[in-house]
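Thanks for making time this morning. I would like to walk you through one structure, going from its charged pairs to its pockets and then to some backbone details.

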Amino acid sequence: REAEGAEYYSMVRALKAIDLATLALLVIDAGAGVTRQDQRLAERVDAAGNPIVIVLNKWDLLDNEAKDLVRAQVADMLGFVSYAPAMEISAKTGRGAHRLYPALVNAVDAYRKRVPTASLNRALAAAQAAQPAPHGARVLYATQGATDPPTFTLFTSKQLPPSYLRYLERSIREHFGFGPTPLKLRARRRAS
């Protein structure tokens, strides 16, 4: 009973910290694998719009089969933050820890990145040419309205399906190198 209470208060503290943070390191005990609590914390970070770096600690204690299992759990249970790098480290030995700082710098830079409107519209035109939206819908033009997190407003001819918005988000992420930061896309149908 005491352990459940301690876990509850630990979760409450973590959720409060996420609400105040601008960057999150989600540290997962690789030996235990990805838990539902890890998944809930990642969902909260994603909803808050904060960049996230996943840290798989105690990686050195796993055999190859266990490593494959943890990688599969990350892909399955944390797929909604697939843009976040998963860093395999050992806090005890320091192995892999040297990669954390560059990942954090990259996350903060991407979180504050501003894309010129002309470049954004060229990238979206190329994405639409490669894969047109269904039912004749299209993005007429777009602009970045904010950073922290990068937020884009897309002015469209018709409503875009969520799957196509995810495609456009991936296209923007890849084209401009947004890395481990979430992007927000807001589609606005232009009045006729």
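**Charged pairs, pockets and backbone**

Let me begin with Glu88 and Arg71, whose side chains meet in a salt bridge at 3.1 Å, N to O, a salt bridge being a side-chain nitrogen of Lys or Arg within 4 Å of a carboxyl oxygen of Asp or Glu. Glu88 lies in strand S3 and Arg71 in helix H3, so the pair ties together parts that are 17 residues apart in sequence. Helices here are DSSP runs of H or I with at least four residues, strands are runs of E with at least two, and both are numbered from the N terminus.

Before going further, a word on the source: this is a predicted model, in which local features need pLDDT of at least 70 and side-chain atom pairs count only at pLDDT 80 or more, while totals for chains, interfaces and linings use all residues. Residues are numbered from 1 along each chain as its sequence is written, and side-chain values use heavy atoms, with hydrogens and water left out.

Arg71 also forms a salt bridge with Asp68, where the closest N and O atoms are 3.4 Å apart, and these two residues both lie in helix H3, three residues apart, about one turn of the helix. Arg71 is partly exposed at a relative accessible area of 39%, and Asp68 is partly exposed at 47%, where buried means under 20% relative accessible area, exposed over 50%, and partly exposed in between, with a 1.4 Å probe and protein chains only. Glu88, at 24%, also counts as partly exposed. Through shared partners, the salt bridges join Asp68, Arg71 and Glu88 into one network.

How many salt bridges does the structure hold? There are four, and one of them joins the side chains of Lys58 and Asp29 at 3.4 Å, N to O. Lys58 is partly exposed at 36% relative accessibility, and Asp29 is partly exposed at 32%.

Leaving out residues up to four places away in sequence, Asn57 touches several residues, including Val27, Asp29, Gly31 and Ile89, contact meaning heavy atoms within 4.5 Å.

Now to the pockets. On a 1 Å grid over the protein atoms alone, a pocket is an open set of points where a 1.4 Å probe fits, with protein on both sides within 12 Å along at least five of seven lines, and lining residues have an atom within 4 Å of a point. The largest pocket has a volume of about 290 Å³, a volume being the space filled by probe spheres set on the points, which are joined across faces, edges and corners. Of its 14 lining residues, the closest to the centre are Asp46, Phe80, Tyr83, Glu169 and Arg173. Helix H6 gives the largest share of that lining, four residues, and the lining divides into five nonpolar, three polar and six charged residues. For that division, Ala, Val, Leu, Ile, Met, Phe, Trp, Tyr, Cys and Pro count as nonpolar, Asp, Glu, Lys and Arg as charged, and the others, Gly among them, as polar.

The second largest pocket holds about 230 Å³ of space, and among its 14 lining residues Ala14, Leu25, Leu26, Val27 and Leu41 lie nearest its centre. Its lining divides into 11 nonpolar, two polar and one charged, and helix H1 (2-20), strand S1 (24-29) and H2 each supply at least two of the residues.

I will finish with the backbone. Most residues other than glycine have a negative phi, and most peptide bonds are trans. Which peptide bond is cis? The bond from Asp148 to Pro149 is, with omega near 0°. Asp148 lies in the loop between S4 and S5, has a positive phi of about 60° although it is not a glycine, and counts as partly exposed at 38% relative accessibility. His135, in the loop between helix H5 (117-130) and S4, likewise has a positive phi, near 60°, and counts as exposed at 71%.
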